[in-house]
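Look at the sequence and the structure first, then read the points below.

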Amino acid sequence: MSRLRTASGALFLIPLLAACKEAPLTCPKILAASLGVTIRDSATGAFSASGAMVIAYSTIYSDTAFVPVNRPDLDAQPVYLAFGHSGPFLVTVDKAGYREWMKTDIVVRSGACGLETTNLTALLQAAP
């Protein structure tokens, strides 16, 4: 009798599993950032976003984000920009006391719910 219970229990689960595959994907109705840039000092590894300007360029679009000066509470926060735009992108980071950081050919990919955020780490080098 225990074999019959196990078999009937397994047969009961098959339609439930099939229904899970057919459920439609529900995406949030928010516009996600295409790029997230974490800024660090290359020598110390310390987070260093305070006072930085980040610019993302594509062939038809650009976006700029500024991090206020003297805000160490924001140093470890990624800078998000280019909301809802695809690339390829060129990204630059400028900050007083550091050389300009640049990364080219950054691709933003599409996922099931739209564009996926591409995360970068900018390692800033001190200016001579």
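Val 93 stands opposite Trp 101 in strand E6 of this predicted model. The strands E5 and E6 run antiparallel, and four bridges join them. Strand E5 covers residues 89-94, while E6 covers 101-106.

**The E5-E6 hairpin**
- Six residues lie between the two strands of this hairpin.
- Gly 97 belongs to the hairpin and takes a positive phi near 90 degrees.

**The whole sheet**
- Four strands form an open sheet in the order E3-E2-E5-E6.
- The pairing in this sheet is antiparallel.
- Strands E3 (62-66) and E6 are the edge strands, and each of them pairs on one side only.
- On average, neighbouring strands are turned by 10 degrees against each other, with direction ignored.
- In general, strands of a sheet pair through backbone hydrogen bonds.

**The E2-E3 pair**
- Strand E2 spans residues 53-57 and pairs with E3 in the antiparallel sense.
- Five bridges make up this pairing.
- Tyr 57 has Ser 62 in E3 as its bridge partner.

- Is Thr 92 buried or exposed? Its relative accessibility is 3%, so Thr 92 counts as buried; the cut-off for buried is under 20%.
- Thr 92 sits in strand E5.
- Leaving aside neighbours within four places in sequence, Thr 92 is in contact with Met 53, Val 54, Ile 55 and Tyr 57, among others.
- Its contacts also include Glu 100, Trp 101 and Met 102.
- Trp 101, one of these contacts of Thr 92, is also the residue that Val 93 stands opposite.

How values were computed: Residues are numbered from 1 along each chain as its sequence is written. This is a predicted model: local features need pLDDT of at least 70, side-chain atom pairs count only at pLDDT 80 or more; totals for chains, interfaces and linings use all residues. Side-chain values use heavy atoms; hydrogens and water are left out. Two strands pair if DSSP finds at least two bridges between them. Axes are lines fitted to C-alpha atoms, for helices over the stretch in contact, and angles run from 0 to 180 degrees between N-to-C directions. Buried means under 20% relative accessible area, exposed over 50%, partly exposed in between (1.4 Å probe, protein chains only). Contact means heavy atoms within 4.5 Å.
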